[in-house]
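Work through the exercises below with the model open. Each task is followed by a solution in steps.

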Amino acid sequence: MTQHIKIECPSCSPEEKVSHELIKLGISPLVHCLECGLVYVPFGLKTPEKISVRVFVNRIEKPFTRWVKLTAGELLCEDEEIVLDNVKVSDGEPFIITSLQVGVRRVPSAHAEELDTIWARPLNEITFAKRRKIRQKHPISPGSIRSVAEISALAEYSKAVQES
Ligand SMILES: [Zn+2]
């Protein structure tokens, strides 16, 4: 789908807005002037962009991946609920963001356009994991490896926060 916007063209119409085709949206958008054919990066143009971000739902039973459409500039935070489309009713628990991945880093919050992967879990499994953690006498037992990895990721994050 092509989107058209009306902005000033630096080449043929610096004073008056003319029709442009939006070639690329986002932080550095690219536009095509329909009057003179110039293709350039307009400064200060803010366009809401829909971005597809991968959500990895780290369930105990059958983890799965979904893509969600987010709006550029939307801020996502850990522990927030995320709404997944096209999830069967039986899988339709509220999903909670457990981690946000930007490149190879895990961050507590990020804008939609920076995100590589959103890690999420069903809410009921989060409470279950927390309860289990309290009861556990041996931190490394079969089946707890994943949550141990998460704990160390959290420890890394809190260390990073203390250092900054
Ligand atoms: Zn032009």
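**Exercise 1.** Is Asp 79 buried or exposed?

*Solution.* The model is predicted: local features need pLDDT of at least 70, side-chain atom pairs count only at pLDDT 80 or more, and totals for chains, interfaces and linings use all residues. Residues are numbered from 1 along each chain as its sequence is written.

Step 1. Take the cut-offs: a residue is buried if 20 or more other C-beta atoms lie within 10 Å of its own, exposed if 12 or fewer, and partly exposed in between, with C-beta atoms placed from the backbone.
Step 2. Asp 79 has 10 other C-beta atoms within 10 Å, so Asp 79 is exposed.
Step 3. Asp 79 sits in the loop between β7 (75–77) and β8 (81–82). Strands (E, at least two residues) are DSSP runs, numbered from the N terminus.
Step 4. Asp 79 is not a glycine, yet its phi is positive, about 75 degrees.

**Exercise 2.** Describe the backbone and the surroundings of Lys 62.

*Solution.*
Step 1. The phi of Lys 62 is positive, near 45 degrees, in a residue other than glycine.
Step 2. The loop that holds Lys 62 runs between β5 (50–57) and β6 (64–71).
Step 3. Lys 62 is exposed because 7 other C-beta atoms lie within 10 Å.

**Exercise 3.** Which strands are the edge strands of the open sheet of four strands?

*Solution.*
Step 1. The strand order is β1-β2-β3-β4, with antiparallel pairing; two strands pair if DSSP finds at least two bridges between them.
Step 2. β1 (3–9) and β4 (39–40) each pair on one side only, as edge strands.
Step 3. β1 and β2 (residues 13–24) run antiparallel and are joined by seven bridges.
Step 4. His 4 has Glu 21 in β2 as its bridge partner.
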